[in-house]
Amino acid sequence: MLGNSKELIFAFLACIFSAATYGAMLIFTRQIPAASEFYGHTIGILGFLLMLATETLYSLRKHSRSARWGRMANWLQFHIFTGIVGPFMVLLHTSWKFSGLAGVTALLTGVIVLSGFIGRYIYTRIPRTADGIEDPGVVGEMQAAALANARRLMSLWHTVHIPIGMALFTAAFVHILGALYYATLLK
Amino acid sequence: MFNPGPLNAKAGTPLGEVTSHAEIGKDCGQCHPAFWSAQSMSDLCLDCHVKIQGEIGDTTSLHGLLIQGNSLTCQSCHTEHHGVDAALTVMDSASFPHEKTGFDLSGHQTRSDGIPFACSDCHTQGFSTFDQQSCVDCHRPLDQVYIDAHVLDFGEVCLTCHDGVDRYADFDHSLVTFALTGAHLQVGCSECHLNARTIPDLQNTLVDCEACHLLDDAHAGKFGEQCGVCHSSDGWKPAIFDHNRADFRLEGKHIEVPCENCHTDGFISTPKDCYSCHKQDDKHNGVYGTACESCHNPSAWVDATFDHSLSTFPLDGAHVNVECAECHIGGVFKGTPLECAACHAEPDFHLGMFTGQACSTCHTTAVWSPALYDGPHTFPINHGEEINTCADCHQPNLTQWICYPCHERAEVDRKHIEEGISNFSDCLRCHPTGLKEESGEGGDD
């Protein structure tokens with residue numbers, strides 16, 4: 001499986017790298033980097049930007065009629081990569097505290113990543129061409145039922161994954177505004 | 001919803017009608033002003049914490065010291081949202097501006113056992129107090145002998161002199177107005193800085209010699225209190241005094257005389273006249289008075305110079321270079337006879353012819369001979385060029401005379417015999433005026 005999933009390997013490596021910087025901070029400051037200090041802020045912002053990219057750019061590409069750069073399969077890889085590394089960085093940003101709206105945002109992040117993995121699993125049940133287009137040509141009758149089933153699951157999955165994403169970003173925006181109000185811009 | 005962590009709930013002094021922050025936790029605006037409002041978070045803190053508000057401006061208080069027109073805010077040291085029992089002050093000794101309290105921690109970063117200092121190592125009873133006994137409690141075990149002596153010398157209130165900056169080890173005394181030189185370098189601090197308890201005490205230590213050395217005065221006060229005139233910090237001996245500063249220059253033999261030989265009773269009123277010291281050296285037995293300096297000078301007694309023209313017998317001619325003792329026999333000067341004969345006995349040469357006449361009739365002080373005779377003389381005095389003095393013709397004395405050897409005997413003999421004169425023993429019989437031509441009168445006798 002991993003042989004075809006370059007994005008997972010790259011995501012894994014990026015997460016290792018992020019974890020390494022986190023580990024260095026732990027060693028040098030001997031404390032968990034606080035969410036509101038320089039390192040915590042930076043990694044939170046970077047993680048958020050990656051997540052923003054993963055949602056907006058992928059959706060744009062998928063649904064736009066005029067913006068047609070790159071193949072969908074590649075875009076999915078990009079979506080998965082940023083959708084893993086971004087949330088991982090956000091997780092490091094939390095300083096392992098999950099109270100209030102920030103905690104809800106973190107929870108939603110976790111849920112959507114999990115949902116993403118599930119979607120990925122369902123996705124692979126549908127045979128596709130190298131371009132990622134469904135290819136019913138190689139499928140026999142028995143598999144047709146399984147295929148139809150898989151398609152239904154995929155649709156269902158979309159009704160979960162996307163609303164969660166919207167809720168997540170709403171929460172994230174409110175969290176950012178609150179942080180700005182109560183902390184960053186505080187005199 | 002936006003609360004990042006529980007507020008401290010420890011009950012404390014009631015302020016603003018609550019005893020902990022947790023009690024106002026529902027109202028974020030009690031502490032968090034909108035960023036567009038004029039108030040800062042510190043202003044909201046001080047609205048309730050009025051005691052701290054009162055400290056600002058009072059530099060004797062902790063907060064007044066720390067917050068002095070700099071950018072420190074409450075949040076610089078205080079924190080919240082870390083839990084119901086979490087500390088509200090987060091500070092380590094590295095970030096706390098301790099020098100604002102008047103004590104710099106640069107020398108107190110690590111204890112003698114290598115462990116970094118914690119605040120409580122010195123502030124044993126909380127931060128707002130400091131008991132100076134803490135200094136001694138740490139430092140005494142490190143060097144008991146020194147600390148015990150030091151406390152005795154300078155007292156127990158360490159902070160009156162010590163501000164945390166190590167400025168007393170290898171103290172460069174040349175930085176202050178009294179440079180330590182010579183023997184002063186070996187003296188311990190407290191020997192001069194007696195009972196100093198504060199830095200002004202140290203700075204106001206008296207710097208004149210007698211402040212410390214009055215008891216060392218070997219002169220029992222006889223020479224006043226200006227020790228530095230003769231003594232230096234190199235040591236009491238040798239005492240060096242530039243005598244030119246006094247009203248009596250030391251010259252000649254006076255230079256080597258020990259101070260006490262002249263200064264038998266103090267320095268200042270020592271008499272300056274010769275006689276006061278040299279009375280017993282007076283070889284003239286007082287005959288010439290007490291103004292020794294009119295003849296004598298400090299180089300040596302025998303170097304006496306006397307302006308003889310001041311006396312009744314001015315020296316001139318050959319008299320000038322005569323030793324005093326040749327005329328002044330036995331040290332007698334006044335009353336030395338003035339007549340020539342007193343020193344100069346009449347020579348046998350005169351054969352008593354001029355007795356009663358003054359020597360100066362013929363003689364001057366320039367030289368005895370030639371004498372200038374101006375008296376009766378039948379034979380011309382200016383006879384011949386070789387004749388200068390009486391003795392050239394009058395030999396062996398003035399009543400006799402000779403014509404030889406000026407006139408060579410052999411020649412005279414020959415000439416007379418040629419002329420047929422045989423008796424020419426009395427030259428003046430034929431030559432009464434010394435002329436050759438007179439010889440006609442002589443003829444043959």
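## Leu92(A) and its partners

Leu92(A) is in contact with Ser18(A), Tyr22(A) and Ile43(A), leaving aside its neighbours within four places in sequence. Contact means that the C-beta atoms of two residues, placed from the backbone, lie within 7 Å. The model is predicted, so local features need pLDDT of at least 70 and side-chain atom pairs count only at pLDDT 80 or more, while totals for chains, interfaces and linings use all residues. Residues are numbered from 1 along each chain as its sequence is written, and chains are lettered from A and ligands numbered from 1 in the order in which they are written.

## The nonpolar core of chain A

Leu92(A) also belongs to the largest nonpolar core, which has 21 residues. Ile84(A), Val85(A), Phe88(A), Met89(A), Val90(A) and Leu92(A) touch the most other members. Helices H1 (6-29), H2 (38-63), H3, H4 (100-125) and H5 (141-184) of chain A each supply at least two residues of this core. H3(A) gives the most, with nine residues.

Such a core is a set of buried Ala, Val, Leu, Ile, Met, Phe, Trp, Tyr and Cys residues joined through C-beta atoms within 7 Å. A residue is buried if 20 or more other C-beta atoms lie within 10 Å of its own, exposed if 12 or fewer, and partly exposed in between; C-beta atoms are placed from the backbone. In soluble globular proteins, nonpolar side chains tend to be buried together.

## Helices of chain A

Chain A has five helices and zero strands. From the N terminus on, its elements run α-α-α-α-α. Helices (H or I, at least four residues) and strands (E, at least two) are DSSP runs, numbered from the N terminus. Of the 187 residues of chain A, 21% count as buried. Among contacts in chain A with a separation of 6 or more, 76% join residues 24 or more positions apart.

Helix H3 of chain A covers residues 72-93, 22 residues in total. Its end C-alpha atoms are 31 Å apart, which agrees with the 32 Å it should span at 1.5 Å a residue. The expected span is 1.5 Å times one less than the number of residues in the helix. H2(A) has 26 residues and reaches 37 Å from its first C-alpha to its last, close to the expected 38 Å. Buried in H2(A) are Ile43(A), Gly44(A), Gly47(A), Phe48(A), Leu50(A), Met51(A), Thr54(A) and Glu55(A).

## Positive phi

Most residues other than glycine have a negative phi. Arg30(A) has a positive phi near 55 degrees. Arg30(A) sits in the loop between H1 and H2 of chain A. Arg30(A) is exposed, because 7 other C-beta atoms lie within 10 Å.

His81(B) is found in the loop between helix H4 (74-77) and helix H5 (119-122) of chain B. With 17 other C-beta atoms within 10 Å, His81(B) is partly exposed.

## Chain B

Chain B has 16 helices and zero strands. Buried residues make up 2% of its 445 residues. Residues 24 or more positions apart account for 45% of the chain B contacts with a separation of 6 or more.

Ala196(B) lies in the loop between helix H8 (189-192) and helix H9 (199-203) of chain B. Ala196(B) is buried, because 20 other C-beta atoms lie within 10 Å. Leaving aside its neighbours within four places in sequence, Ala196(B) is in contact with Phe154(B), Asp201(B), Leu202(B) and Thr205(B). The C-alpha atoms of Ala196(B) and Cys161(B) are separated by 9.8 Å, and the two residues are 35 residues apart along the chain.

## H6(B) against H7(B)

Helix H6 (residues 133-142) and helix H7 (residues 144-154) of chain B pack at an angle of about 135 degrees, with their axes 6 Å apart. That makes H6(B) oblique to H7(B). Axes are lines fitted to C-alpha atoms, for helices over the stretch in contact, and angles run from 0 to 180 degrees between N-to-C directions. Angles under 35 degrees count as roughly parallel, over 145 as roughly antiparallel, 65 to 115 as roughly perpendicular and the rest as oblique.

H6(B) contributes Val136(B), His139(B), Arg140(B) and Pro141(B) to the contact. H7(B) contributes Gln144(B), Ile147(B) and Val151(B). These residues divide into four nonpolar, two polar and one charged. Ala, Val, Leu, Ile, Met, Phe, Trp, Tyr, Cys and Pro count as nonpolar, Asp, Glu, Lys and Arg as charged, and the others, Gly among them, as polar.

## Where the chains meet

The contact between the chains takes eleven residues from chain B and eleven residues from chain A. The side of chain B that touches chain A has seven nonpolar, four polar and no charged residues.
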